[in-house]
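Hello,

Here is the structure I promised to pass on to you. Please have a look at it first, and then read my notes below.

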Amino acid sequence: MKLKKILGIDIGGSGVKGAIVHTKKGKLKTKRYRIPTPQPATPEAVAEVIKKIVDHFDWKGPVGVGFPGVIQQGFARTAANLDDSWIDVNLNKLFSKKTGCKVHVVNDADAAGMGEMKFGSGKKFKGVALLVTVGTGLGTVVFTNGKLMPNMEMGHIMLHGDDAEKYASDAARKADDLSWEDWALRFNEYLKRMEDLLWPDLIIIGGGASKKDDKFVKHLDTRAKVVPATLLNEAGIIGAALTSRYYNKMES
Ligand code: BGC
């Protein structure tokens, strides 16, 4: 199977986005194609959207998908911001059957981390890097000397008696109508808790917020240096494609 070009797809709380990725260069070969996440976001409804994206690119090759929940060997184990009907569904099987393509699904933050560490601001970084994706939820991933620990799920630590992502995600900023500075104070609190637990040498901010780094990074006072993801919100698509490449090579 040819693995130079892979279709990467990122399932988010508000949109499902896909593009063909050049996996050796870590670049998009096409424009991103986005379809709003169906409501309710059930597995069947999202599988339909994934098929539309595959059809849009007239794609027959391998597909990598980033999913906003814990993924173990292709099975969804959580889906905090989607729908409970995802739990324990074999997504590799569901999406492969729906599209006729070979699909591998991974956690979305793990995918973004893979992209960012290989081609973005974590490239060649040695040490402990923490990547936090800021969107509807808070996705977290830790790399030690470039090696990933999957499904970290540190967006759900307790902060002020609630799930941290309810307090410090981009969705929380919008829901509570916070200025960037006020939100940054919350996010700073979150990052400092993470630092006390994980002691990263570098913190990378991904997701939609990575485009707005000039509005909030100046308000953070973490010990570790904070940098935005240079692949911006393409990291998830690129990383999903890289993960598919990895699994296809392993299985061949
Ligand atoms: C999910 C994570 C996901 C993150 C970002 C959280 O609610 O539990 O698995 O990575 O949102 O989408």
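Let me start at the ligand: one of its oxygen atoms is 2.4 Å from a side-chain N or O atom of Glu153. For Glu165, the corresponding distance from a side-chain N or O atom to a ligand oxygen is 2.8 Å. Asn81 also takes part, with a polar side-chain atom 3.3 Å from an oxygen atom of the ligand. I count a pair of N or O atoms within 3.5 Å as a polar contact. The protein buries 94% of the 310 Å² that the ligand exposes when taken alone (Shrake-Rupley method, 1.4 Å probe).

Before going on, please note that this is a predicted model, in which local features need pLDDT of at least 70, side-chain atom pairs count only at pLDDT 80 or more, and totals for chains, interfaces and linings use all residues. Residues are numbered from 1 along each chain as its sequence is written, and side-chain values use heavy atoms, without hydrogens and water.

Gln39 and Pro40 are joined by a cis peptide bond, with omega about -5°, and Pro40 lies in the loop between strand S4 (33-36) and helix H1 (43-56). Asp88 has a positive phi, near 70°.

Best wishes

How values were computed. Polar contact = N/O pair within 3.5 Å; in protein donor to acceptor, adjacent residues only side chain to side chain. Helix = DSSP H or I, 4+ residues; strand = E, 2+ residues; numbered from the N terminus.
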